[in-house]
Amino acid sequence: MSATIRKKRLSPKAIEAMKGERPIASLTAYTTPIARLLDPHCDLLLVGDSLGMVLYGMDSTLGVTLDMMIAHGQAVMRGAENACVIVDLPFGSYQESKEQAFRNGARIMQETGCDGVKLEGGEEMAETVEFLVRRGIPVFGHVGLMPQQVNTVGGFRTLGRGDEEADRIRRDAQAIANAGAFAVVIEGTVEPLAREITAALAIPTIGIGASAACDGQILVCDDMLGIFEDFTPRFVKRFATLAPQISDAAKTYAQEVKARSFPGPEHVMGAKPRS
């Protein structure tokens, strides 16, 4: 019997090499079952700090902790065999100093086995990105709308409409690329600017609420799957609408429990099936 050959996951370098080759398909993942379902189809799975809002019902990502990111990173790694897996550094875990960023980035990689970390920021974080990359931690950048800085930019809004703001985002993206990031998310940025940045950078851009011209796209998996009924951001396309199906299944289950039609003999241990 021949030994099973386990395929290696895509590396950050492999993602970087996709620039100009083909679009990069990315989604967030937070749990093992979802990672297993998404992994065969995605190039990159991001364990995003968006889990604070998606899974824990927080108003923002600011309350997410390093321990939470590690726990969910471990879960996703159990379900990922093909995709490159990146874990977010949460708010407060890297902004203080490049040394702090390295300690926490190294801990995430050691305890999860993931392929790299993502952090938000532009010119002010370039030195930190370079520090991490030089010490063996691949970095996925994030510019434009940065959820961890939402309180300083006036909420969730589209950025880059004014010349000054657009120029800052250009500088941010270039600084992160120059610092050695293997790719960069462009979020919530006007389309012409995101297109321009994509053409200017040597590394892939991954868009979310940006431009179809980006080198890849990413969505929060729960948004894409239609788990939420109350709100759909403009940049989200629902590829499924699972919320009503989940609700209907729960309703039917509850009705059968209350009517004592579930469980039947076939669902309990040691009982004889109905003839």
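## The annotated active site

The UniProt record, an unreviewed entry, places the feature "active site" at Glu187; positions from UniProt follow the numbering used here, feature names are shortened, and annotations may be inferred rather than shown by experiment. This is a predicted model, in which local features need pLDDT of at least 70, side-chain atom pairs count only at pLDDT 80 or more, and totals for chains, interfaces and linings use all residues. Residues are numbered from 1 along each chain as its sequence is written, and side-chain values use heavy atoms, leaving out hydrogens and water.

Glu187 belongs to strand 6 (residues 183-187). Helices (H or I, at least four residues) and strands (E, at least two) are DSSP runs, numbered from the N terminus. Is Glu187 buried or exposed? Glu187 is buried, with a relative accessible area of 11%; buried means under 20%, exposed over 50%, and partly exposed in between, using a 1.4 Å probe and protein chains only. Setting aside neighbours within four places in sequence, Glu187 has contacts (heavy atoms within 4.5 Å) with residues including His142, Leu145 and Ile208.

## The nonpolar cores

Nonpolar side chains tend to be buried together in soluble globular proteins. A nonpolar core here is a set of buried Ala, Val, Leu, Ile, Met, Phe, Trp, Tyr and Cys residues joined through side-chain atoms within 4.5 Å. The largest one has 62 residues, and Leu45, Ile108 and Leu119 touch the most other members. Apart from it lies another core of 14 residues, among them Leu46, Ala183, Val185 and Ile206.

Beyond its neighbours within four places in sequence, Leu119 is in contact with several residues, including Leu89, Met125, Phe140 and His142.

## Salt bridges across the chain

How many salt bridges does the structure hold? There are 15, each a side-chain nitrogen of Lys or Arg within 4 Å of a carboxyl oxygen of Asp or Glu. One of them joins Asp115 to Arg9, with the closest N and O atoms 2.8 Å apart. Asp115 sits in the loop between helix 5 (98-112) and strand 4 (116-118), and Arg9 in the segment before helix 1 (12-16), so this pair ties together parts 106 residues apart in sequence. Asp115 counts as buried at 14% relative accessibility, while Arg9 is partly exposed at 25%.

Asp43 and Arg22 also meet in a salt bridge, at 2.7 Å from N to O. Asp43 is in the loop between helix 2 (32-38) and strand 2 (44-47), and Arg22 is in the loop between helix 1 and strand 1 (24-28). Asp43 is buried at 8% relative accessibility, whereas Arg22 is partly exposed at 41%.
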